[in-house]
Amino acid sequence: MEGFKLIKQGAEAKLYQGVYLGVPTIIKERFVKTYRHKHLDDSLTKERMRAEAKALVRCKTVGIATPMLLNVDFHTRMIFMEHFVHSITLKDFIEQTCLDTLLELSVLIGKTLGKMHAGSIIHGDLTSSNILLVNTSNKDCFEDLQELKLVLIDFGLAHIEPCAEDKGVDLYVLERALLSTHAVAEAIFPSILEGYKQSYKNGFREVFCKYEEVRARGRKRTMVG
């Protein structure tokens with residue numbers, strides 16, 4: 001991969017940054033799992049890659065900003081996606097932004113997730129690291145919400161599923177991720193739920209009930225240890 005540099009290595013994949021077909025690009029390369037039978041590993045990897053690509057495309061069809069899908073190469077286990085040069089993760093944005101702005105942004109996050117779930121798309125790994133704020137004026141400035149576009153990334157665990165419980169789990173995963181990382185989580189998560197309710201009026205009640213059930217089970221496990 002001439003011209004690409006390794007920028008991150010996780011448990012499932014390596015991420016490389018460079019330029020592909022003239023477009024700033026991120027390549028996600030999934031590891032070979034040597035502890036699994038080769039045919040099983042190949043099959044599972046292709047299944048996950050297809051699911052990730054399908055989720056990215058489906059998000060576009062329902063009006064959710066995600067990286068543009070440039071290429072999927074099953075032979076090399078690589079997915080080529082658009083790289084947003086002028087962007088910041090929600091994780092970093094939270095740490096440098098006042099609460100009033102975060103509350104406004106949280107409603108937008110909730111609306112985006114509601115739209116995603118209305119389209120039966122389950123992200124599977126919602127964290128503040130997997131939400132980007134992209135400056136639409138191509139500047140490295142992230143103070144004015146009017147200049148920022150919300151982009152969801154890393155659909156490696158995504159799937160298409162209309163089940164309310166899976167949507168409730170998605171919300172619970174985000175809540176736990178925020179609580180474990182950010183002091184303002186308790187203040188902003190209700191605004192995320194409010195935005196979600198506004199965006200997903202027909203499904204909110206059922207999903208919220210499932211979210212509460214999942215949350216209660218999580219608390220019980222924590223208490224039991």
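This briefing walks through the overall build of the chain and then its strand pairings.

The structure is a predicted model, in which local features need pLDDT of at least 70 and side-chain atom pairs count only at pLDDT 80 or more, while totals for chains, interfaces and linings use all residues. Residues are numbered from 1 along each chain as its sequence is written, and side-chain values use heavy atoms, with hydrogens and water left out. You will find 6 helices and 10 strands in the chain; these are DSSP runs numbered from the N terminus (helices: H or I, at least four residues; strands: E, at least two).

**Overall build**

- Along its principal axes, the C-alpha trace spans about 45 × 45 × 35 Å.
- Of the contacts between residues at least 6 apart in sequence, 61% join residues at least 24 apart, where contact means heavy atoms within 4.5 Å.

**Surface and charge**

- Buried residues account for 43% of the 225 (buried means under 20% relative accessible area, with a 1.4 Å probe and protein chains only).
- The accessible surface comes to about 12,100 Å², and 52% of it belongs to carbon and sulfur atoms (Shrake-Rupley method, 1.4 Å probe).
- The chain carries 31 positive and 29 negative charges, whose mean positions are 5 Å apart. Lys and Arg count as positive and Asp and Glu as negative, leaving out His and the chain ends; each charge is placed at NZ of Lys, CZ of Arg, CG of Asp or CD of Glu.

- Strands β4 (residues 69–73) and β5 (residues 78–82) run antiparallel, joined by 4 bridges; two strands pair if DSSP finds at least two bridges between them.
- Within this pair, Asn 71 stands opposite Phe 80 of β5.
- The hairpin has 4 residues between its strands, and Arg 77 takes a positive phi near 65 degrees.

- Strand β8 (residues 131–135) is mostly covered, with 5 of its 5 residues buried.
- Ile 131, Leu 133 and Asn 135 point one way from β8, while Leu 132 and Val 134 point the other way.
- Strand β6 (residues 87–89) runs antiparallel to β8 and is joined to it by 3 bridges, with Ser 87 opposite Val 134.
- Strand β9 (residues 148–152) also pairs with β8 in the antiparallel sense, over 5 bridges; here Leu 148 is the bridge partner of Asn 135.

Notes
Buried means under 20% relative accessible area, exposed over 50%, partly exposed in between (1.4 Å probe, protein chains only).
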